Each structure stands twice: as structure tokens, then as C-alpha cells.
Amino acid sequence: MAYEDFAEGLAIDLGTKDVTAAEIIEFASEFDAQPMHLDEEAGKASILGGLSASGWHTCSMFMRMMCDAFLLDSTSQGAPGIEYARWKKPVLAGDTLTGRSTVVAHRTSNSRPQLGLVTFRHELFNQKGENVFELENTGMFLKRGVTA
């Protein structure tokens with residue numbers, strides 16, 4: 001996908017991701033070793049209600065889903081940052097995540113006219129349809145036929 005393919009309102013399905021206890025513990029062991037991310041009982045005793053993925057793990061799972069759904073097959077040149085990330089509900093072991101990325105705005109770069117800037121609202125939902133994660137960012141995409 002090139003910049004021109006990202007029309008405002010376009011919604012891109014990010015597919016599904018099954019979340020396992022083993023991956024929650026593995027991620028937390030290396031990057032966010034809080035008890036609710038390492039131990040089922042500690043998770044149940046917390047306000048999260050069970051072994052839960054770190055918010056940073058949720059971001060990482062989202063990123064993989066987005067890469068697989070469209071980013072790796074695009075003219076992406078990265079992103080200057082994110083506007084916000086919100087962890088809206090716990091992502092628990094055994095959850096199945098689905099997601100979508102929606103184009104909310106797009107424009108040509110003033111300083112680099114070969115680039116388009118595409119603003120997305122990304123959302124992940126659990127198997128109950130509950131919104132568990134939301135992120136907004138702007139990505140940079142080459143226009144069709146332009147090489148980096």
C-alpha cells in the first residue's frame with residue numbers, strides 16, 4: 001500500500017491474536033516484571049482480575065498485528081511518534097484479540113512532498129467485543145512510484 005491507498009475512513013482489519021499465559025510471563029520476565037504479569041494468583045489478587053499482559057506487551061502485540069495486516073506490504077517510512085496510547089481493559093491470558101486501524105486524516109508532507117502523512121486510530125478488542133486498547137499515531141508513507 002502506498003500513501004494514495006489510505007483514504008480517510010478506510011478501516012483495515014488486523015486479524016486475530018490468541019494471548020497465552022506463557023507469552024505474558026515471558027514478556028513480563030524480560031520487560032515488565034510486576035507480579036500481576038508473572039503470576040496468576042498475583043493477577044487475581046490485583047484489580048486486573050487475572051494474569052494480565054503488560055500494557056507494553058499489548059502495544060507489542062498490536063504492532064505485530066499491524067505489521068502482518070498491512071505495514072510490511074506498504075511504503076511505510078516509519079512514524080514520528082504516537083499521539084496517545086490507552087490501555088482500556090486488562091488483556092488476560094486466554095483472550096483472543098481482534099483489531100482494526102482506521103485512517104482519520106492524511107496529507108502530503110510540506111517538507112518532503114514525496115511523503116504522505118497518514119493519521120490512524122488503532123483499536124484492539126477482546127473476544128467479548130470490549131475495547132481493550134487504543135492508539136493514535138501518524139505514519140509516513142511514500143507516494144506511489146517514489147523510491148526512498
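Is E123 buried or exposed at 8% relative accessibility? E123 counts as buried, where buried means under 20% relative accessible area, exposed over 50% and partly exposed in between, using a 1.4 Å probe and protein chains only.

## Ground rules

This is a predicted model, so local features need pLDDT of at least 70 and side-chain atom pairs count only at pLDDT 80 or more, while totals for chains, interfaces and linings use all residues. Residues are numbered from 1 along each chain as its sequence is written, and side-chain values use heavy atoms, leaving out hydrogens and water.

A salt bridge here is a side-chain nitrogen of Lys or Arg within 4 Å of a carboxyl oxygen of Asp or Glu. That rule gives 7 salt bridges.

## R100 and E123

Back to E123: its side chain meets that of R100 in a salt bridge, 3.1 Å from N to O. R100 sits in strand β3 and E123 in strand β4 (residues 115-125), so the pair ties together parts 23 residues apart in sequence. Strands (E, at least two residues) are DSSP runs, numbered from the N terminus. R100 is partly exposed, at 36% relative accessible area.

K88 and E134 pair up at 3.9 Å, N to O. K88 lies in the loop between β2 (82-87) and β3 (96-108), with E134 in strand β5 (residues 131-142), so this bridge links parts 46 residues apart in sequence. K88 is partly exposed at 43%, whereas E134 is buried at 10%. Salt bridges with shared partners join R86, K88 and E134 into one network.

## K17 and E23

K17 bridges to E23, with the closest N and O atoms 2.9 Å apart. K17 is partly exposed at 23% relative accessibility; E23, at 19%, counts as buried.

Technical notes:
Helix = DSSP H or I, 4+ residues; strand = E, 2+ residues; numbered from the N terminus.
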